[in-house]
Amino acid sequence: MNEGVHQIDDQGRLRHFLTIEGLGRDWLIRILDTAESFSGVAEQSIKKVPLLRGRTIVNLFFEPSTRTRTTFELAAKRLSADVLNINVSTSATTKGETLLDTLRNIEAMHVDMFVVRHADSGAAHFIARHVAPGISVINAGDGRHAHPTQALLDLFTIRRAKGDDFGRLRVAIVGDIEHSRVARAQIHALNSLNTGEIRVVAPRTLLPAAADSLGVHLFHDLNEGIRDADVIIMLRLQRERMQGALLPSEHEYFRLYGLTEERLRLARPDVVVMHPGPINRGVEMDSRVADGAHSLILQQVSHGIAVRMAVMSLAMQVAAPEAPV
Amino acid sequence: MSERRLCIRGGRVIDPDSGHDGVADLWIAEGRILALGPAPADFTPDRVIDARGRVVCPGLVDLCARLREPGAEHKATIASETRAAAHRGITTLCCPPDTDPVIDTPAVVELVHQRAEAAGFARVVTLGALTRGLDGEQLSEMAALRDAGCPAVGNARRPLASTLVLRRALEYAATFGLTVMLDPEDEALAAGGCAHAGLVATRLGLPSIPAAAETAAVARDLALVEETGVRAHFCHLTTARAVRMIARARYDGVPVTADVAAPYLFLTEMDLAGFDSNCHLRPPLRSQRDLDALRRGLAEGTLSVLCSDHQPHEADAKLAPFPATEPGMSGLDTLPSLALRLVEDGVIGLPDAIARLTLGPARVLGLDAEGIGTLRAGAPADVAIIDTGARWRVGADSIESKGQNTAFGGWELPGRVTHTLFRGRLVHEAGA
């Protein structure tokens with residue numbers, strides 16, 4: 001007899017940030033605008049604003065991560081919050097401690113926010129449903145379900161490169177959609193901003209059962225899928241996909257779905273290339289593309305900090321500065 | 001409690017075995033049905049139960065109910081669940097073999113029977129293991145299990161090592177006239193999944209189980225059933241295509257029956273949208289199209305049994321992220337009311353609904369030969385009296401099972417069982 005969990009509270013404030021789905025265009029724009037106002041902080045000599053002074057943020061990671069955890073940590077520190085990193089590998093849970101036990105123990109330390117990553121889809125919702133009142137939950141990736149801050153930083157990066165009008169854009173997402181929380185979040189986010197066309201490019205084995213229900217155009221051929229694209233997002237391919245009989249080899253994957261300079265010419269001349277990282281060079285894309293003029297991969301990383309600062313400050317109900325302090 | 005001679009007066013008696021449906025008096029003596037209709041000569045009842053305005057039918061037979069004993073008594077016990085069953089008019093519960101220890105020896109069969117007898121609320125029919133320890137490799141001692149009282153054998157959704165083992169097991173079971181209970185699921189296609197491969201799993205990124213996990217297994221199993229001639233029963237179908245395959249096989253004269261579990265007639269993949277772990281079932285809740293086909297299959301009789309697939313859990317089992325929760329729903333409490341809801345919704349007529357809960361399951365296991373699931377003269381006096389007009393709200397205070405894990409919490413459902421007789425004894429009587 002579970003009840004649903006709401007991201008927006010009765011007063012219309014951001015309580016949790018779990019998924020892009022259902023959040024709506026206005027909230028996405030608001031977060032992006034807030035992130036814009038935070039992006040100056042990194043350029044200051046003192047890279048800190050005192051907005052979350054005295055607040056405690058816990059990075060609760062049940063799955064290993066370097067990049068996402070680091071950018072969340074940096075975002076929290078730049079907001080002057082106290083940060084605690086807890087990596088719950090399987091150790092605690094194999095000792096018989098349940099996820100709820102872990103949660104209760106950390107709650108007892110009077111924290112204000114959980115940033116959660118977990119291998120199970122729905123884990124962030126579960127934690128948000130059971131967390132003490134007053135604690136916010138930010139989803140840093142749950143199973144194959146959602147990775148909403150990643151999707152937002154992608155929107156942020158696209159907006160910076162291409163402007164506000166997503167209706168003009170043709171965006172191609174290439175790779176392992178089925179196992180990707182990033183792709184699911186991106187598709188919701190791009191649809192919320194009424195993106196002109198969202199294309200998904202993958203072999204059938206890497207597409208979810210009802211991929212056509214996601215509001216995207218499906219392509220199996222990369223050349224067709226990226227033709228005249230304004231934005232190409234390459235997804236990371238996990239090596240274990242070869243074992244599950246999903247793909248024959250990395251070699252064949254690269255031959256069919258690897259992004260090369262030659263193929264990139266099929267897209268718009270001003271196309272931008274993105275990747276959530278970490279890249280498998282020579283599998284998803286050629287190094288010359290990853291490091292080339294069209295690549296925004298490193299910008300994505302720095303935008304990730306501003307976007308996470310925005311989400312954290314909004315979920316803590318503090319106003320962002322009008323301009324860099 | 002121990003009146004020996006009873007009269008149930010003036011109820012609408014529905015007995016699918018004889019086809020009787022009409023107001024009549026039911027006479028009971030020495031734990032058995034004596035007669036239906038006019039009072040037998042020289043019969044003075046010790047007690048008369050007024051059943052006017054109510055439905056009187058055979059005690060319900062639940063073809064699949066996990067009672068969690070032996071092995072998982074923290075979830076439920078034979079005593080707790082048979083008592084809950086009595087509250088809902090269920091007098092026969094069929095218990096799959098995946099207890100711990102597994103029901104693969106007469107000793108475990110006896111243990112379960114003894115516990116059930118000691119509790120005294122309902123009959124527990126043990127379904128024996130098809131393979132030893134349900135390991136899928138070595139045949140169980142089926143003849144011994146049959147002699148100990150198992151009318152059927154099955155592998156309780158555990159995989160078999162190979163199609164060859166299945167074929168041999170079916171042949172061996174057929175030798176001893178045992179019915180084989182098949183849970184159609186292709187192990188590899190279902191591995192790691194927790195939701196139907198459809199709209200919701202696509203959106204929520206839940207590891208999925210395609211409909212083919214069921215249909216591929218049904219196709220394979222049907223081929224072997226046809227060849228071996230064993231009496232087979234397919235448990236808990238969930239897909240439209242599997243219902244069609246069974247209908248076709250029955251038309252062709254293959255000796256198969258099949259059932260549906262009540263939740264699949266009311267819930268779909270859409271109910272997973274909020275990650276409600278009470279909707280984590282195995283096999284998974286499927287699409288609206290499948291639900292419609294299951295309802296039709298039940299009405300038309302391709303699915304001759306409606307069961308609860310009762311799986312009580314302790315609260316912790318459902319308190320985790322969706323994929324990490326244990327599958328299964330507590331179902332005894334809602335079984336008769338959901339059947340009546342189907343009647344209200346115009347899916348099936350009341351006599352047919354009762355048949356799916358009594359004679360249908362009894363026939364699968366040949367229990368009707370002993371009169372179970374019928375109101376025949378001489379049959380054990382297992383009787384349910386139901387106030388079909390009463391309504392109740394499903395909630396923690398109204399669930400009698402030890403397992404509170406139901407996705408129907410908050411639903412208002414029709415039907416209250418006012419009296420349950422088991423072997424002529426009143427094991428449940430609702431307070432006024």
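This is a predicted model: local features need pLDDT of at least 70, side-chain atom pairs count only at pLDDT 80 or more; totals for chains, interfaces and linings use all residues.
## Salt bridges

Let's begin with charge pairs. Side chains of opposite charge can pair when their charged atoms come close. Over all chains, a search of the whole structure finds 51 salt bridges.

| Residue | Partner | N to O distance |
|---|---|---|
| A:Glu36 | A:Arg159 | 3.8 Å |
| A:Glu36 | A:Arg160 | 2.4 Å |
| B:Arg157 | B:Asp183 | 3.9 Å |
| B:Arg203 | A:Glu21 | 2.6 Å |

How exposed or buried are the two partners? A:Glu36 is partly exposed, at a relative accessible area of 30%, whereas A:Arg159 counts as buried, with 12% relative accessibility.

A:Glu36 also forms a salt bridge with A:Arg160, and here the closest N and O atoms are 2.4 Å apart. Because A:Glu36 belongs to helix α1 of chain A and A:Arg160 to helix α6 of chain A, this pair joins parts that are 124 residues apart in sequence. A:Arg160 is partly exposed, with a relative accessible area of 43%.

Over in chain B, the side chains of B:Arg157 and B:Asp183 meet in a salt bridge at 3.9 Å, N to O. B:Arg157 lies in the loop between β10 (152-154) and α4 (163-175) of chain B, and B:Asp183 in the loop between β11 (179-182) and α5 (187-190) of chain B, so the pair ties together parts 26 residues apart in sequence. B:Arg157 counts as buried, at 19% relative accessibility.

## Where chain B meets chain A

The size of an interface is often given as the accessible area lost when the parts come together. For chain B and chain A, that buried area is about 1900 Å², and 61% of it is on carbon and sulfur atoms. The contact takes 27 residues from chain B and 25 residues from chain A.

How many salt bridges are found across the interface of chain B and chain A? The rule finds 1. The side chains of B:Arg203 and A:Glu21 meet in a salt bridge, at 2.6 Å from N to O. Between the two chains, 5 residue pairs are in polar contact. On the side of chain B that touches chain A, helix α6 (residues 199-204) of chain B gives the most, with 5 residues. The residues on that side of chain B divide into 14 nonpolar, 11 polar and 2 charged.

## One side of a helix

Back in chain A, helix α4 (residues 99-107) has these buried residues: A:Leu99, A:Leu100, A:Thr102, A:Leu103, A:Ile106 and A:Glu107. They cover an arc of only 160° around the axis, which puts them on the same side of α4(A). An α-helix has 3.6 residues a turn, so residues three or four places apart point the same way. What covers the buried residues of α4(A)? The cover includes β1 (56-61), β2 (82-87), β3 (113-118) and α5 (123-130) of chain A.

B:Ser337 lies in helix α10 (residues 335-344) of chain B and counts as buried, at 2% relative accessibility. The side chain of B:Ser337 reaches the backbone oxygen of B:Gly415 at 3.2 Å. Leaving out residues up to four places away in sequence, B:Ser337 touches B:Trp392, B:Leu413, B:Pro414 and B:Gly415.

B:Pro312 lies in the loop between β16 (305-307) and α10 of chain B and is buried, with a relative accessible area of 0%. Residues touched by B:Pro312, not counting those up to four places away in sequence, include B:Arg66, B:Arg68, B:Ser330 and B:Asn405. B:Pro312 and B:Arg68 are 244 residues apart along the chain, and their C-alpha atoms are separated by 7.7 Å.

Is B:Glu141 buried or exposed? B:Glu141 is exposed, at a relative accessible area of 52%, and lies in the loop between β9 (128-129) and α3 (142-148) of chain B. The C-alpha atoms of B:Glu141 and B:Asp352, 211 residues apart along the chain, are separated by 37 Å.

Terms used: Residues are numbered from 1 along each chain as its sequence is written. Chains are lettered from A and ligands numbered from 1 in the order in which they are written. Side-chain values use heavy atoms; hydrogens and water are left out. A salt bridge is a side-chain nitrogen of Lys or Arg within 4 Å of a carboxyl oxygen of Asp or Glu. Buried means under 20% relative accessible area, exposed over 50%, partly exposed in between (1.4 Å probe, protein chains only). Helices (H or I, at least four residues) and strands (E, at least two) are DSSP runs, numbered from the N terminus. Contact means heavy atoms within 4.5 Å. Buried area is the accessible area (1.4 Å probe) that two parts lose on being put together, summed over both. A polar contact is a pair of N or O atoms within 3.5 Å; within protein, one must be able to donate a hydrogen and the other to accept it, and residues adjacent in sequence count only if both atoms are side-chain atoms. Ala, Val, Leu, Ile, Met, Phe, Trp, Tyr, Cys and Pro count as nonpolar, Asp, Glu, Lys and Arg as charged, and the others, Gly among them, as polar. The arc is that of the directions from the helix axis to the C-beta atoms.
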